[in-house]
Amino acid sequence: MKLEEKVIEIVKENIEWEGEININHNLVKDLDIDSFSMLMIVNTLEEDFSIQIEDEDLKGLNTVSDIVERFKEKLSVKK
Amino acid sequence: MKFEEFYKRFKLDYDVVQKTGFNPYYPVIQSGLDGSIIIEGNKYIDLVSNNYLGLANDWRVKKACLAAIEKYGASLCATPIASGYSELYYRVEQKLTKFIGLESAIIYPSCYQANNGLFPAIAGKEDIAIIDRSAHSSLIEGVRCAGCKIWPFLHNNLDSLKKILKKISGYRQVFVVTESVFSTEGEIAPFKEIVELCEKYNALPVIDDSHGIGVIGKNGKGILEYAGLRDFQGIFTASLGKSLANSGGIICGRKRLIDYLRYYSPHLVYSTSLPTSSLAGIEIVLEIIEQEFSELSKKMWFSKRTISDALSDSGFDLTDSITPITSIKSGDPVETISLAKELFNNNILTTPFIYPSVQYNKGRIRLIAGAKLSESTIDRVAEIIKNLKR
């Protein structure tokens with residue numbers, strides 16, 4: 001599964017959302033994601049990819065695409 | 001002026017109040033809870049308090065409270081560990097232990113304090129708390145203060161909880177934290193199934209039964225009775241200020257833990273003990289529940305059903321509540337406060353929940369119809385609601 005698809009899957013399983021999610025969706029305005037939803041998403045990413053995500057990594061994340069790009073950076077640093 | 005920059009940080013947002021012309025918070029109450037509440041000399045129907053069984057103003061409860069003040073005074077002016085632990089305190093802890101059906105109980109000045117104090121005493125950075133995302137602020141702040149890992153699960157969603165329990169490993173202790181009756185929407189947690197999952201994954205369940213004790217279960221004993229759970233090995237907390245009509249909070253569970261908290265929970269050890277008047281009130285309420293729960297419960301459910309049906313028939317969108325809490329889905333903060341104002345103008349007092357207590361567009365108006373409301377009052381409420389048709 002592509003990373004983008006995996007991130008979307010993780011976002012979807014951690015919010016109460018009916019319908020499709022795409023990478024252009026705004027986390028707050030479109031998906032109603034609050035701090036608890038974000039914590040659930042981050043925890044799942046950390047656990048599934050054995051990676052540590054810091055508070056700094058979450059700054060400036062507005063869309064699903066932002067999560068994907070930031071996460072790619074973290075994974076490439078980990079390698 | 002000194003510290004101006006510091007004090008300037010604290011601002012209140014009056015935007016919703018300005019748009020609606022109404023601030024429902026901090027009404028100045030001029031009466032006890034008698035089915036109605038007096039504010040600025042006017043009577044309002046009480047659908048706001050958590051006085052489920054209508055006992056807060058009961059003459060027997062007041063008599064017991066006054067007798068305790070006669071004997072012990074207004075306060076013992078000390079923490080329980082020092083000289084604030086009266087014979088009455090001990091006796092009420094024993095009675096609560098028996099009522100709930102666990103090994104031991106300890107009383108705190110409030111359930112907020114109990115929940116806040118519990119987790120820092122029992123958990124640390126080697127542990128993880130998996131907590132319902134809609135859990136009460138006191139539980140959330142409590143797990144935050146503990147410094148343990150926090151993993152919320154989707155509200156009342158067993159699949160979400162199970163996925164997390166399956167994923168995690170390497171923690172000293174896993175806690176699963178939730179409430180029995182969720183105070184904003186009135187649903188009941190699938191607690192029997194949660195306990196089964198906990199047993200399978202060696203997680204310790206922690207349940208806050210504040211809106212369940214004295215409300216659900218055949219004899220009003222709360223979630224453990226309601227879910228048919230015997231030999232509960234987890235931790236139970238509850239408020240003594242809702243159906244038990246007084247103040248305070250309890251933590252119940254294994255004696256070993258409760259004895260530990262008596263000495264190592266700062267929220268108890270360094271806080272002036274609950275006044276004996278409240279303890280006496282709790283003691284008599286427990287007796288009343290043992291004798292009269294069936295009758296009081298019938299009145300409470302009649303009130304709930306009448307109001308809920310009236311709201312439904314009038315086109316209001318309600319949450320799926322199977323408890324005496326009725327909750328209207330009221331939209332954004334302005335819509336929510338506007339509806340609360342409409343009810344207030346019809347002399348009905350309710351609790352509006354707006355952001356950040358709930359998600360921004362998920363405002364709620366909560367109505368709690370307790371046993372104290374007379375049939376004629378309930379009929380009047382139903383009539384008013386019909387005229388507010390949506």
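**View 1. G217(B) lies in the loop of chain B between β7 (203–208) and α9 (223–226).** Helices (H or I, at least four residues) and strands (E, at least two) are DSSP runs, numbered from the N terminus. The model is predicted: local features need pLDDT of at least 70, side-chain atom pairs count only at pLDDT 80 or more, and totals for chains, interfaces and linings use all residues. Residues are numbered from 1 along each chain as its sequence is written, chains are lettered from A and ligands numbered from 1 in the order in which they are written, and side-chain values use heavy atoms, with hydrogens and water left out.

**View 2. Surroundings of G217(B).** G217(B) counts as buried because its relative accessibility is 17%; buried means under 20% relative accessible area, exposed over 50%, partly exposed in between (1.4 Å probe, protein chains only). Apart from neighbours within four places in sequence, G217(B) has contacts (heavy atoms within 4.5 Å) with G222(B), E225(B), Y226(B) and F293(B). D132(B) is 85 residues from G217(B) in sequence, and their C-alpha atoms are 22 Å apart.

**View 3. Chain A has three helices and zero strands.** From the N terminus the order of elements is α-α-α. Along the principal axes, the C-alpha atoms fill a box of roughly 35 × 25 × 20 Å. Of the 79 residues in chain A, 42% are buried. Among contacts in chain A with a separation of 6 or more, 51% join residues 24 or more positions apart.
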